Each structure stands twice: as C-alpha cells, then as structure tokens.
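Subject: Structure handover

Hi,

Here is the structure for you to take over. My notes on it follow below.

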Amino acid sequence: MNNNFFSMMRYLRDLGVDAYLIPYTTDGKSTLSHFIPENDTWDFSKWSPYVLNPILPNGRIRGLLSFFHRGRIKEVFDNYDVIIGTGFAPAYAYMAGRSLDIFIPYSFRGEFLHYPKTSNFFNAISRWIQSYCQLQGLNRTKIICGIDHKERIHFKKNGLKIHSLPIPMLYYEEPTSIPHHLVKTMKCMQKSNFVVFSHLTHGWKNQGFKSDIKRNDLLIQGFAECVRDYGIDATLFLIEVGFDVQASKDLIEKLGIGDHVQWLPRFSRKEILELLPYVNIGGNALSGLFWGGSGWEFLMKGVPMIHNLSNAYESDHGLDSLPPFYNVSSIREISEAIYEAYTNEEKNKAIGSEAKQWFNANQGYGLAKTYVKLIDSILNKVVLPEVTYNYTFW
C-alpha cells in the first residue's frame with residue numbers, strides 16, 4: 001500500500017543493506033499515479049540509482065504471459081541474494097523455479113488468490129491460472145509477513161505460516177526548498193485560527209467496497225455540528241480528489257458551512273508531511289477499519305487524529321497497544337472531539353506528542369532493523385518459528 005517498498009528500500013540502505021527497488025510496470029498508473037517514488041522524496045536523484053527499470057506487470061494477462069519467458073524472470077531474480085516481494089511476486093518466483101524469500105501482501109485476503117465469479121470463460125480460466133501460480137509461489141515462500149488477523153487465518157487455511165510483522169510505512173526527508181504553491185497553502189493555514197485537515201480521497205457515496213469508503217461525510221457533518229453548536233472559529237481543509245468530491249461540496253453547501261471550508265488540490269506525500277505541522281487536528285477514515293497511509297502520516301508528524309476503529313476490528317488485529325487518537329463512531333462524537341481539541345490545546349498537543357512517540361517506537365528504523373534480522377536469517381539459513389518478532393504494535 002502507498003508505495004511502501006520505496007520506504008523499505010531507503011531504510012535498508014541506511015542500515016547498510018545493498019537494497020534495490022524494482023517497480024512493476026503497472027505501478028503508479030491511473031488513480032495510483034501519486035504513489036510513485038518521485039512523489040515521496042525531495043531528492044530523487046539520491047535514490048534513482050537504486051530504483052531499477054520495471055520489467056514485469058503486477059499480475060493480469062501480461063503477467064501470465066511471462067510464464068513463456070521464465071528465463072527472463074529467473075535472470076532478474078538470480079541477480080539478488082534475497083527477494084522481498086508483494087503483489088504477483090510469489091507467482092513470478094514460482095515461474096522462475098525459485099523460492100520468494102519474503103512476501104508482504106498488500107490486501108487483506110492476499111492478492112491474486114480470490115476472484116468474484118464470472119460467466120466469461122476466458123476471464124475464469126485466466127483468474128484460475130493466476131490463483132494457481134500465486135498459491136504455488138506462496139507454498140514455496142520462505143517468510144510471509146501478515147498484518148491482519150483475517151488475512152492470517154486465510155493463509156493458514158492454505159497451510160501457510162505467517163510472521164506477525166508490519167512494514168515501515170513512511171520515510172521522512174527534509175525538503176531542500178519549499179515550492180511556492182506549498183508556501184501559499186502553509187500561509188493560508190497559518191491565518192486560520194484552528195485547522196482541521198483531511199487529505200483523504202473523497203469516497204463515501206458512490207464506492208462499493210468497504211475498504212474504500214472513507215466516510216468523509218461524517219467528518220463534514222461533525223465539523224458542521226461543532227461550528228453550529230459551539231460556535232468555534234475553525235477551518236476545515238479538504239483535498240479535491242475522489243469520486244465523491246462533488247457530493248462532499250453539495251453536502252457542505254446544504255449544511256451552510258462553505259465559509260469554514262477550504263478546498264486544496266492534490267498534494268504528494270512529501271508535500272503533505274510539510275503541511276501537517278500547521279494542522280491542529282486531522283480527520284482520518286471513519287468507516288471502522290484500521291488506518292491507512294493518511295493515518296500513518298498523522299502519527300509520524302504528531303498530529304492528533306480523528307479516526308474510527310471499531311472494537312471488533314481492534315480485537316481481530318490482536319493489538320496489544322494503540323497510539324492515542326480520538327476514536328469516534330458518530331457525528332456527535334466527531335463534533336465533541338473537535339471541540340475538545342479546540343478548547344483544550346495542552347491535552348490536544350499531548351495526544352499528538354504521544355502519537356509521534358508511539359510511531360517512532362513501532363515504525364521507522366526500529367522496525368527496519370527487524371527486517372535486517374530476517375534477511376540475515378535467510379542468508380544464514382536459520383529456520384524461524386511461525387511468529388518470531390512480537391512488536392508491541394501487534
């Protein structure tokens with residue numbers, strides 16, 4: 001998710017590992033165009049020698065056609081002592097006749113393993129072959145790192161062992177200079193008495209998958225209620241990205257809070273991280289699921305966030321600890337959380353500070369060092385138990 005492997009590669013290189021990133025040819029396309037390395041660093045020239053040209057697509061028909069060019073895949077794989085992969089990597093390793101060393105799935109159920117039923121014979125055969133190759137590759141994979149309880153259960157049904165280990169999500173780099181458009185936004189935020197910021201894609205009305213539903217509507221309604229009931233002098237900053245941008249604009253107009261809302265263009269992650277120090281409270285996804293990239297960004301920069309994580313989902317993850325955040329489940333609770341942050345600045349800052357400390361303890365270099373240990377265990381042919389590293393986070 002969110003181009004994590006570029007973060008992983010940079011951490012590993014900082015720790016002395018001769019690591020390289022090989023993107024898929026399909027990475028950064030269409031709606032995922034902002035998840036490319038250039039949008040995640042202010043100095044791509046520093047890292048570009050270690051970001052190699054993409055060779056293989058992430059699955060699909062063209063990925064299957066690679067079966068007829070297995071020598072090419074093997075040639076790529078044989079250049080490296082250890083291969084860490086996501087997506088269709090297990091299937092490619094199977095095609096190349098070798099084991100994938102570490103697999104880190106990006107989907108809850110494991111990608112390319114399950115598809116909805118289709119009446120199209122060609123699609124059905126194609127999907128079956130993809131699933132078969134992926135499962136064969138997973139059966140040969142040395143280490144699988146899973147982060148979701150349901151995901152672990154699914155893999156175990158196929159006799160696969162899982163190591164409970166997340167992936168380093170963010171790698172922060174100081175900018176060499178701040179572009180004008182970003183300075184302009186910073187000044188706009190500085191002029192605001194109190195900044196509520198949400199850089200989520202707008203998806204709450206027309207999306208069909210629960211994992212894609214951000215419930216931006218709840219944040220907008222909670223903010224509107226706080227403005228109406230408590231009379232706070234605050235500005236809600238939103239990013240103009242997503243299927244439901246117009247629906248969000250219509251809702252804002254209906255609620256009569258247009259004067260309290262500021263729309264911003266899409267920013268890259270490196271730009272978002274520079275804006276966060278000017279934010280008083282962040283609005284994250286409110287559909288009850290675990291936070292994604294935006295939540296990690298709030299935590300890294302110490303921004304108190306409004307988020308909804310259901311008790312059932314927390315239990316499914318088996319979490320031993322959580323960072324502090326405003327865990328809300330209704331419009332009223334969102335309104336009250338914003339008002340609490342607005343009126344109790346000291347407490348709000350403490351929440352952000354503790355969240356940043358939690359991030360530093362459970363992510364970043366500490367986590368990356370664990371992957372170095374995994375790599376060493378593979379090179380030294382050490383047999384690991386099913387669960388080796390029990391981070392406090394998991």
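Strands S6 (residues 235–239) and S7 (residues 261–264) run parallel and are joined by four bridges. Strands here are DSSP E runs of at least two residues, helices are H or I runs of at least four, and both are numbered from the N terminus. Two strands count as paired if DSSP finds at least two bridges between them. Leu238 has Trp263 as its bridge partner in S7. Together with helix H10 (residues 245–255), S6 and S7 make a right-handed β-α-β unit. Right-handed means that, with the strands pointing away from the viewer, the path from the first strand over the helix to the second runs clockwise.

Before you go further: this is a predicted model, where local features need pLDDT of at least 70, side-chain atom pairs count only at pLDDT 80 or more, and totals for chains, interfaces and linings use all residues. Residues are numbered from 1 along each chain as its sequence is written, and side-chain values use heavy atoms, with hydrogens and water left out.

Overall numbers

The protein chain has 16 helices and 10 strands. It has 394 residues, and 52% of them count as buried. Buried means under 20% relative accessible area, exposed means over 50%, and partly exposed is in between (1.4 Å probe, protein chains only). The chain exposes about 18,900 Å², with carbon and sulfur atoms supplying 50% of that. Areas come from the Shrake-Rupley method with a 1.4 Å probe; for residues, only the protein chains shown count as cover. A contact means heavy atoms within 4.5 Å. Take the contacts with a separation of 6 or more: residues 24 or more positions apart account for 71% of them.

The four-stranded sheet

An open sheet is formed by four strands in the order S1-S2-S3-S4, with parallel pairing. Its edge strands are S1 (84–85) and S4 (163–164), each pairing on one side only. Inside the sheet, two bridges join S2 (residues 102–103) to S3 (residues 143–146). Ile102 has Ile143 as its bridge partner in S3. Helix H16 (residues 364–379) lies across S1, S2 and S3, and runs at about 160° to S3. That angle is taken between N-to-C directions on a scale from 0 to 180 degrees, with axes fitted to C-alpha atoms, for helices over the stretch in contact.

Gly85 sits in strand S1. It counts as buried because its relative accessibility is 4%. Leaving aside neighbours within four places in sequence, Gly85 touches Phe5, Leu100, Ile102, Phe103 and Ile104. Gly85 and Ile102 are 17 residues apart in sequence, and their C-alpha atoms are 6.3 Å apart.

Salt bridges

A salt bridge here is a side-chain nitrogen of Lys or Arg within 4 Å of a carboxyl oxygen of Asp or Glu. By this rule there are 16.

Start with Asp40 and Arg10, whose closest N and O atoms are 2.9 Å apart. This pair links distant parts of the chain: Asp40 is in the loop between helix H1 (4–14) and helix H2 (44–47), Arg10 is in H1, and they are 30 residues apart. Both residues are buried. They also belong to a network of salt bridges that links Arg10, Asp40, Glu173, Arg269 and Glu297.

Next, which residue forms a salt bridge with Glu225? The partner is Arg332, with the closest N and O atoms 2.9 Å apart. Glu225 is in helix H9 (residues 216–230) and Arg332 is in helix H14 (residues 331–343), 107 residues apart. Glu225 counts as buried because its relative accessibility is 12%. Arg332, at 34%, counts as partly exposed.

Arg332 also meets the side chain of Asp229 in a salt bridge (3.0 Å, N to O). Asp229 lies in H9 and Arg332 in H14, so this pair ties together parts that are 103 residues apart in sequence. At 36% relative accessibility, Asp229 counts as partly exposed.

One more residue

Ser131 is in helix H6 (residues 121–140). Buried or exposed, given its 16% relative accessibility? Ser131 counts as buried. Not counting residues up to four places away in sequence, Ser131 touches Phe112, Leu113, His114 and Tyr115.

Over to you.

Best regards
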